[in-house]
Amino acid sequence: MTSKSELEVVDVPERVTVFTVHRTLEQNATQLVHRWQYVAPGLDKDLIIYIQSGRMSYLTGRVDSSQDRRNISIGASFYSLFLGRVNRLLPLMQESFPELGLVIEDCIEMSWIQSVLYFEGFPIESLDILLNRTLQPKTYMKGKSNYVQSPIPENGIEGIWRFDFEPEAEYSSVIFMPYGGRMAEISESAIPFPHRAGNLYKLAHMVLWQDHEAHNSERYISWSRRLYSYLTPYVSNSPRASYLNYRDLDIGVNNNQGKTSYAQASIWGMKYFKNNFERLVRVKTNVDHEDFFRHEQSIPSLRTNEGD
């Protein structure tokens, strides 16, 4: 029996348009984020707008280590990629999200590969950086993720901002990544990734700290866990879904030694894969029944004991 894999190539225009718009709380960032929840999942399929919120010093790259709440500015940065020219983008934005106040000066046209550099914060003039394999300075990170299925009210968003004033939040951010569009058209069971129709957006938060702060790691991890707890009423449940690529061992792990039962693994497995988890366990059992390839959150095999 042979299998066939198909890769569908998506047309990308010669020129795309990007923009980054920063808004502080004083510039109605809370109201804009709230409105974005109703707009972003239904935008034109050539347009994506996602949000990164946190301290403006971190979002804009300005150095500001102030712990005085009076000097800390909180806000949201709206990032966008549009598969087209600016003359088509501006009317779309005026129709769908006029509250953001986008103007032509906010927009930059470039090639798609240059947009990859742009969103990583690199200069776009040369692509040589893509060949650079130099390791970056060591940084620690704790990330967690959720899925939002109903808009968070403004007072709920304001509660997120309160975490940004805490000392551990100097290098933290919350990312609002819209779903909808093509994502919602694909069946939950088509591939292992199940987070499709019904999700407005993925809500991820992460906190970074440097090597010299390694002895304080638990402080930063605790901050992340407290924010995760705060978000409980506003995110999906039964299961409380998470995104696989943001590995989060807090939601459950396999046993370090011996067999991990289906029931134990499903605690984290259902959050990543929902009903696809059972199918993945069956595949794992057939192709790696001795569970040779394993880690803290690897799919378990149902036959790991000798003689089973």
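Modeller: We can start with the chain as a whole and then go into single elements.

Colleague: Great. What kind of model is it?
Modeller: This is a predicted model.

Colleague: How many helices and strands does the protein chain have?
Modeller: There are nine helices and seven strands in the protein chain. Its radius of gyration is 21 Å, close to the 19 Å from the globule rule for 308 residues, so the chain is as compact as a globular protein of that length.

Colleague: And what does the C-alpha trace span along its principal axes?
Modeller: About 70 × 50 × 45 Å.

Colleague: What share of the residues is buried?
Modeller: Buried residues are 43% of the 308. As for the surface, the chain exposes about 17,200 Å², and carbon and sulfur atoms supply 53% of that.

Colleague: How do the contacts split by sequence separation?
Modeller: Taking contacts with a separation of 6 or more, 72% are between residues 24 or more positions apart.

Colleague: Changing topic, how many positive and negative side chains are there?
Modeller: The protein chain has 32 positive and 37 negative ones, with the centres of the two sets 5 Å apart.

Colleague: OK, on to the strands. Is β2 enclosed or open?
Modeller: Strand β2, residues 47-55, is largely enclosed by the rest of the structure, because eight of its nine residues are buried.

Colleague: Which strands is β2 joined to by bridges?
Modeller: Strand β3 (residues 74-82) is one of them: nine bridges join it to β2, and the two run antiparallel. Three bridges join β2 to β6 (residues 172-178), and that pair also runs antiparallel.

Colleague: Which residues stand opposite each other there?
Modeller: Toward β3, Ile49 is opposite Ser80. Toward β6, Ser53 is opposite Val174.

Colleague: Now a helix. Which residues of α5 are buried?
Modeller: In α5, residues 154-164, the buried ones are Gly156, Ile157, Gly159, Ile160, Trp161, Phe163 and Asp164.

Colleague: And what do the buried residues of α5 pack against?
Modeller: They pack against β2, β3 and β6, along with helices α1 (29-39) and α7 (217-230).

Colleague: Let's stay with α7. Is Ser224 buried or exposed?
Modeller: Ser224, which sits in helix α7, has 0% relative accessibility, so it counts as buried; the cut-off is under 20%.

Colleague: Which residues does Ser224 touch?
Modeller: Leaving out residues up to four places away in sequence, Ser224 touches Lys142, Lys144, His205 and Val207.

Terms used
Residues are numbered from 1 along each chain as its sequence is written. This is a predicted model: local features need pLDDT of at least 70, side-chain atom pairs count only at pLDDT 80 or more; totals for chains, interfaces and linings use all residues. Side-chain values use heavy atoms; hydrogens and water are left out. Helices (H or I, at least four residues) and strands (E, at least two) are DSSP runs, numbered from the N terminus. The radius of gyration is taken over C-alpha atoms; the globule rule is 2.2 Å times the number of residues to the power 0.38. Buried means under 20% relative accessible area, exposed over 50%, partly exposed in between (1.4 Å probe, protein chains only). Contact means heavy atoms within 4.5 Å. Accessible areas come from the Shrake-Rupley method with a 1.4 Å probe; for residues, only the protein chains shown count as cover. Lys and Arg count as positive and Asp and Glu as negative; His and the chain ends are not counted. The place of a charge is taken as NZ of Lys, CZ of Arg, CG of Asp or CD of Glu. Two strands pair if DSSP finds at least two bridges between them.
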